[in-house]
Amino acid sequence: AGASAGGALVDAAAGAAAGARASAGGGSEGGEAGSGSDARVPTLSAVPISLPTRTQLDLLFVIDNGASMLEKQRILSLSLASLLERLTRPACLDEKGKPTGSVADPVSGCAEGSPEFAPLRDLQIGVITSSLSGQGAAACQQPAGNDGAYLLPSVRSGLSSWNGSGFLAWDPGQTHATRVGETDASKLRQQLAAMLTGVGNAGCLFSEPLQAAYRFLVEPNPAGATTLPSGLRANQGPTDIVLLAQRAQFLRPHSLVGVVFVSDRNDCSISDTGFGYLVGQSSVAGAPFYMPRATSACARDPNDVCCVSCDDLAQGLPASCTAPALDSSCQQGPFRPADDPLRLRCFDQKRRFGIDLLQPIQRYADALSLPDSSGASSAKLLPPPDLRSLDPLRRTHSDILVLSIVGVPWQDVADSASLGDASGLRYLDYAALRDAGRFALLSKDAQRAVPDDALMLESISDRTTLKLPAHPLTGAPLAPAVSRSPTQNPINGHEHANPFGDDLQYACTFPLAQPIDCSDASRTDCECHAAELGARRPLCQPPEGGLQGTTQYFDKAYPGARFVEFTQALGANKLNPLLASVCPKAPPSADTLSAAFGYNAAFAALSEQVIGRLTPASCLPQPLTVDAVGGIDCDVLEVLYLDGRASASPDDCVQPGRHQATFRAKSALFPLLASQGVCGVSGTLPCERLGYCAIDPLPPAATAACRAGLPVVDVGYCYADPAQGWGEVASVRDCPNQRRQRLVVAGTNPRDPLAQAYLVCPG
C-alpha cells in the first residue's frame, strides 16, 4: 500500500533536486547506517508537510517619490484593490472545482462549496520611499529628500497606521491576542490609498529604492544620517535604532515577505561610504563642483583596466596605460556645466567619470537570497545579511517574493498572447522570461553593447540616429524627435530632442487620465513648460497629433536597467522575481477590473505566488494509498534544527508520540534539506548530525477527531482524505480544491518547538 504515492509527490516538491541525492551525505538505497546497498529496496521520496507553514504576509512597498510619480501613485492605489480582493476573498468552487459565482468571506468562508484557497487573514502593509538624502548630497536636503527608509507615517503627518506602528494590519478574524487589526476591507483600502497619496513627488533628485529596501529589511547596522564630508569622505552616523525598531515590529519571524518596487526611473543607490556623496554635489567648499572626466580608455570600453577617473593618481595602473596627466581626455579638465547636469549624475558613470559610485546590484540580490545548493554566496561587500538571520524557521527562496513595477515596455515582459489581446495581460515570471530569451531584449551583455529592444538603451541622444533595429516583438521602429504623432511608436511615442542634454530617452509612455496644464512654470509635476517646448517631447502633443504645447497629455518612464539586472541576479540566486511595466497597457478609460488596467496584471502575478505559499504544506498534491484501516505505507519524520548549531542526541526522540527514525528513512531527506540550505552545505552541519524522529500515528479516538477537523491534544499524525472516505470535509477546509487530502501533524516537540515534519514514501 502507498508504493506509488511518493514518486508523484516528489515531482511536486519544490527544491527536491535529484542531483543533490548523492552529494548530500548518505545514500537512501541501503538500510541502516553502514549496510550495503540493496537493489531490491525501493528508493524513498520526501516532501515537506510543515516546512514552512506561512499564514502571514508582510508586504513592503518601496515607492519612488520623484517629481513625475503622482500619476503612477494614483494608478497604484486603484490597482491595489485587485490584489487585496484576490488574496482575502477567493472564489468559491463546487465539488468539481468549478466557480459557483460567489467569493469566500475572509472569516466564514463559502456559504456553498469551498474556497479556492484559504483566505489571507493576516496581512501587514508598509510603505517607504526611495529618498535617502543622496548620502549627504546637498541636492537632497529638502524636507522630503530624506525619508530614511522609515515607514511613511513616521515621516508624513496625518496618516493612519495600526497602533501607531507605521504600517497597516489586516486581521478580519481578530485572531491575535496581542493586537486588534483592521476588519473592514474598504477601510483598509482607504487607509492604504491615503498612505500612497502621502508618498508625494517632492523626493530626492536621486532615487535609491534598492538601498531603501535593503536598509529597512536587512542591513545589519543601518547608519544614522550622513553628515557633511570631512576629508572628502562622507561620515556615517551611529546605528539607527529607530529604524531597527520599526523593522523588528514589521518583519515577523514566520511570515511570507513581499517587496514591491514602483519607480519610473533607474535605480541610483549611491555608495554610502567614501566619495559616493559627490554624485549629488553641485559645490564643494563653496566653489562650483563638476565631476572629473574619465580617461580616454573609458569611451572605448568602461571595463578596460586603463579606464579610471582623471582625478585618479594612477597608482597601480599597468605600464601600458597612459597616465591621466597625459591622457587627451583628462587634459580637457573637469566637465563643463552643460556636460554634467546634476540629474544625470547616476547615468553611465564608469564611461563618463571613470568611476562607479553606485552600490553593486549583487549586494541587494544577495541580501534577499539564501546560499545556493553548494553553500556558496556571491556577496562581495559583507557577509550575506539575509532574512534567514531573523527567522528560526529559515525562510526559503520561495518565501521571499519580489515584484518590480518599473521602466520596461510591458510587451517585453508579457506572454505572447498579450500582444494581440487588447484587454488581456499576463506577465511572465523570471523563469519564463529566462526560458523565452526575453532578457536579451531588456539588457546588454559582454557580447551585445545594446539591448535587443532599443527602447531599453539609456541614451541622451535621439536613438534613431544610432540605426537600431525595430522592436523584435512588435516590429515597430523607433520614431524620431521631429515626429508630429505622440504615438508613432506605440510603446514610447517618439524620441525627444533634449536640447539641454539633461534628460534621457523614454522606455515607454502612456496617456494621462487627466491632462495637466503646465502654463504655471512653478509646477514641479509638469513636463511641458513653455521654456522646454524645444525638447519636442511626445508627452506634450495632443493624442491626435500636432505640435507640442504647454498641456501634458502623456506620462513616461525611463529604462529601469538596474532593476532588470536586479531581477536577473535574484533569479540566479534561485528566487523567482517578477518584472512589470510602470506604463499601463490599457487607456485610463478602461474597466478598472480588467487585466490590462493599471497594475492589475502585475498584482495578479504576485498574488498567484502568494497563494502558492499560503497553501498549507500539509495539503498533498495527490491522494496516498491507504490500507483497510486508513494506514499509509509512508514515514512521517520530524527534523530538529536546534538553531543549526547542535548535533543529534539520543534524547531527541524521547518525547510522546515519537521514536527513533531509521537511517534509510532520514537519509531520504538529505537531498531536500541540502537544497534548502538547511544542512549539508557550507556553513551548516552535515545532514546526518541533525536530529530526526519518526512520528507515530495518532490513537484511534484522536485520529477520528483529527479527520473531523477538530483540535486534538494527543501527539502524532493523521491522514485525512474525505474523497476516499477517511474524514470530513472540515479536515481539508484550508486546502485548495486540487489538493483535498492532508497529512496533519498534531503536537510539538518540547525539545525543539520549531521542528518541521516531512512525509517520506516509497518512490
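By class, eight nonpolar, one polar and two charged residues make up the lining of the largest cavity (Ala, Val, Leu, Ile, Met, Phe, Trp, Tyr, Cys and Pro count as nonpolar, Asp, Glu, Lys and Arg as charged, the others, Gly among them, as polar). Before you click on: this is a predicted model, where local features need pLDDT of at least 70, side-chain atom pairs count only at pLDDT 80 or more, and totals for chains, interfaces and linings use all residues. Numbering starts from 1 along each chain as its sequence is written, and side-chain values use heavy atoms, with hydrogens and water left out.

Select Glu71, Arg74, Ile75, Phe510, Pro511, Pro584, Ala586, Pro587, Pro588, Phe597 and Gly598 to see that lining. A cavity here is a set of points on a 1 Å grid over the protein atoms alone where a 1.4 Å probe fits but cannot get out; lining residues have an atom within 4 Å of a point. The space inside is about 100 Å³, taken as what is filled by probe spheres set on the points, which are joined across faces, edges and corners.

Next, pick helix H2 (residues 70-88), which gives three residues, the largest share of the lining. Helices (H or I, at least four residues) and strands (E, at least two) are DSSP runs, numbered from the N terminus. H2 also packs on a sheet, touching S2 (57-63), S6 (123-129), S7 and S10; contact means heavy atoms within 4.5 Å.

Now show that whole sheet: six strands, open and mixed, ordered S7-S6-S2-S10-S13-S16. Strands pair if DSSP finds at least two bridges between them. Finish on S10 (256-262) and S13 (400-406), parallel and joined by six bridges; Phe261 has Ser404 as its bridge partner in S13.

Terms used
Axes are lines fitted to C-alpha atoms, for helices over the stretch in contact, and angles run from 0 to 180 degrees between N-to-C directions. On a 1 Å grid over the protein atoms alone, a cavity is a set of points where a 1.4 Å probe fits but cannot get out, and a pocket is an open set with protein on both sides within 12 Å along at least five of seven lines; lining residues have an atom within 4 Å of a point.
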